[in-house]
Amino acid sequence: MTTPLAAPGTAAPVVPDGSPPRHGRGRRRLTGRLTGKAALLNLALFVGLAASIGPLLWMVTSSVKPEGEIRQFPPTLLPDEVTFSNYTDLFSRLNFPQFFWNSTVVAVVVTAGAVLFSAMVGYALAKIDFPGRKLLFGLVLATLMVPGVVTFVPLFVLVANLGLINTYAALILPFLAAPFGVFLMRQFMMDVPDELLDAARVDGAGEFRTFFRIVLPQTRPALATLAILTFLGSWNNFLWPLVAAQSADMYTLPVALALYTTGQNTVRYGLMVAGATVVVAPILAVFLALQRHIVQGVATTGLK
Amino acid sequence: MATPVIDGSRRTPVRREPGARRRRRGWAAWGFALPFTVLFAVFLVLPVVSSLYMSFTDMRGADLRDPLAVEFVGFDNFATVLADDKFRQAIGNTIYFVGVAMPLTLALALFLAALLNSGLVWFRSVFRVGFYAPFVTSIVAVAVVWRFLLQPEFGAVNSMLGLVGIDGPNWLTDTTWAMPALIVMATWRNVGYYVIILLAGLQGIPRDLYEAASLDGAGAVKKFRSITVPLLRPTLLFCAVIMGIGYLQFFEEPFVMTQGGPLGATTSVAYEIFNQFGFGKYGVAAAMSYLLFIAIVVLSLVQFRLLRSKA
């Protein structure tokens, strides 16, 4: 059960099974034509790759350039002179440690809570016949498509009346109920064999024990995928924190960066790029470390 | 105690069980469902319902503490909103954005996925990760980068255009070019996600189909039209629906890149909703939200009709 999500050919960048035969009649001529075609195809992909990650690389390298070099024409990719003054100013003068902490607390709690709650209700929906099950699942499906812009105004009114505006609770609670997560977990919980659950019950394990000891370990890849996607979503979330965090000490990183970069006319470009790097770098690091999981998980959510 | 028979062939997810035990399991199930259900009811279902209620009231920021004391105004908000030139412009801009960015993203994603699916690619996993990377980044952060790239004097885009003798415009302050610039940026950020999904779909198509078609003398175009597109239809549908939902809510790009300008040229419906909310006109904002929601549902239904497998 370690790679039920694996899309074919994920691990190996080599020719997958059943690719055009390389052997046979006219082998040499065919190979010659294929390498020419392959070179062209790979060149096209490299151009696309450069366009895709070029701006991100430029961001990282520019964050350590002195102000003058950033404005230089033509632009440089690698810095001529490396300086960390943008980062030191960002962290000492602009309160970025606080924003970073806020983003981290919110993303970690939202991820832990949303994954656990989604798994719990996903398990109940997939494996237990209980009164109200169809209604609950129907509601979950119906709200899958409801966009954040439809709910943020009444949500603001609600949260204001609960006295929660400008608190961590406001930033966290609305995201602990994730219909997409429930849907995803239910789909994966369906694949857990009933025999395993029955065996646990025969051994006298209660429902909660069965869930934590048997079901959760069985669905680890799905949990990991959901956790990563939830973390990414929370870290990058913008509209709701923009509305719900009203004083600077509650800003998350994207909100702080947006207000800093759009609020004033005289900005230091170096600070902006360094700020952008601080927002993007942790997520990019998580992504690169777990990229196989993410890519496979995303590929399967599309197929489920 | 009736223990269910262990039977490998049975895969029904839910089974009928004797009374007492079923009741106990029902309680356990609600125990599992409770944390989600409470939060879901309070923070999602309630706002969706009260959004509809608000859209028929004249609720304003001043009514925040007493939302039930507001005046019921029927369809007034909807009438006002639909007659408002700024909102009409926002609708036009959103249609422009979705109408261009969606086909562009989908076509580019399909093209890249088809290239990646070829047996001739050297570093497939490198490309997949590279294409996907922009999608995990915060729009606010990459907007900083794109404002540099699009900067008229020292930006990389105009520098490169200058190399081929083109004098690039001041992208973000030009009413003609601001929207295309945002479309390119959105496509850049989103395309990789759809490459991954479409590639997984392409890899699910059996290769012998193509080989059989080749033996029958079918060319690349014919194979693409007769094998790839029909078999990829469910995946394309998924992509189109997800993309439509996301693109119709187009908000962060204009917020950070242009503040909806120049002269409202990049003000989207979602941006206008946020503006009305900022003015304290909650009823108006809620009416706009519902119109956007209806647009999202309608677009999804149309896509289902157009793209569902033709049996």
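**Exercise 1. Contacts within each chain**

Among contacts in chain A between residues at least 6 apart in sequence, what percentage join residues at least 24 apart?

*Solution.* Begin with the conventions. The model is predicted: local features need pLDDT of at least 70, side-chain atom pairs count only at pLDDT 80 or more, and totals for chains, interfaces and linings use all residues. Residues are numbered from 1 along each chain as its sequence is written, chains are lettered from A and ligands numbered from 1 in the order in which they are written, and side-chain values use heavy atoms, with hydrogens and water left out.

For chain A, the share is 73%. In chain B, residues 24 or more positions apart account for 65% of the contacts with a separation of 6 or more.

**Exercise 2. Helices, burial and surface**

*Solution.* Step 1 concerns secondary structure. Helices (H or I, at least four residues) and strands (E, at least two) are DSSP runs, numbered from the N terminus.

Step 2 concerns burial, where buried means under 20% relative accessible area, exposed over 50%, and partly exposed in between (1.4 Å probe, protein chains only).

Step 3 concerns surface, with accessible areas taken from the Shrake-Rupley method (1.4 Å probe; for residues, only the protein chains shown count as cover).

**Exercise 3. The interface**

Describe the area buried between chain B and chain A, and the residues that take part.

*Solution.* The size of an interface is often given as the accessible area lost when the parts come together. Buried area here is the accessible area (1.4 Å probe) that two parts lose on being put together, summed over both. Between chain B and chain A this is about 9,900 Å², with 75% given by carbon and sulfur atoms. In chain B, Phe32(B), Phe36(B) and Phe43(B) lose the most area to chain A, together 9% of what that side buries. The contact involves 118 residues from chain A and 109 residues from chain B.

A salt bridge is a side-chain nitrogen of Lys or Arg within 4 Å of a carboxyl oxygen of Asp or Glu. The count between the two chains is 1 salt bridge; the side chains of Glu207(A) and Arg25(B) meet in a salt bridge at 2.8 Å, N to O. Helix α1 (residues 19–55) of chain B supplies 24 residues, the largest share of the side of chain B that touches chain A.

**Exercise 4. The end of α3 to α4 in chain B**

Is α4(B) enclosed or open, and where does Phe123(B) lie?

*Solution.* Because 7 of the 9 residues of α4(B) are buried, this helix is largely enclosed by the rest of the structure. Among the buried residues are Arg124(B), Phe127(B) and Tyr132(B). Phe123(B) lies in the loop between α3 (85–117) and α4 (124–132) of chain B. With 44% relative accessibility, Phe123(B) counts as partly exposed.

Phe123(B) also belongs to a nonpolar surface patch with Phe46(A), Trp122(B) and Val126(B), which together have about 390 Å² of accessible area. Patches are made of residues with over 30% relative accessible area and no salt bridge; like charges are joined within 9 Å, nonpolar side chains (Val, Leu, Ile, Met, Phe, Trp, Tyr) within 5 Å.

**Exercise 5. Loops and backbone geometry**

*Solution.* Ser268(B) is buried because its relative accessibility is 1%. Beyond neighbours within four places in sequence, the contacts of Ser268(B) include Ala90(B), Thr94(B) and Phe250(B).

Most residues other than glycine have a negative phi, and most peptide bonds are trans. Asn95(A) is placed in the loop between α3 (85–93) and α4 (96–127) of chain A. Asn95(A) is partly exposed at 38% relative accessible area; Asn166(A) is partly exposed at 24%.

Conventions. Contact means heavy atoms within 4.5 Å.
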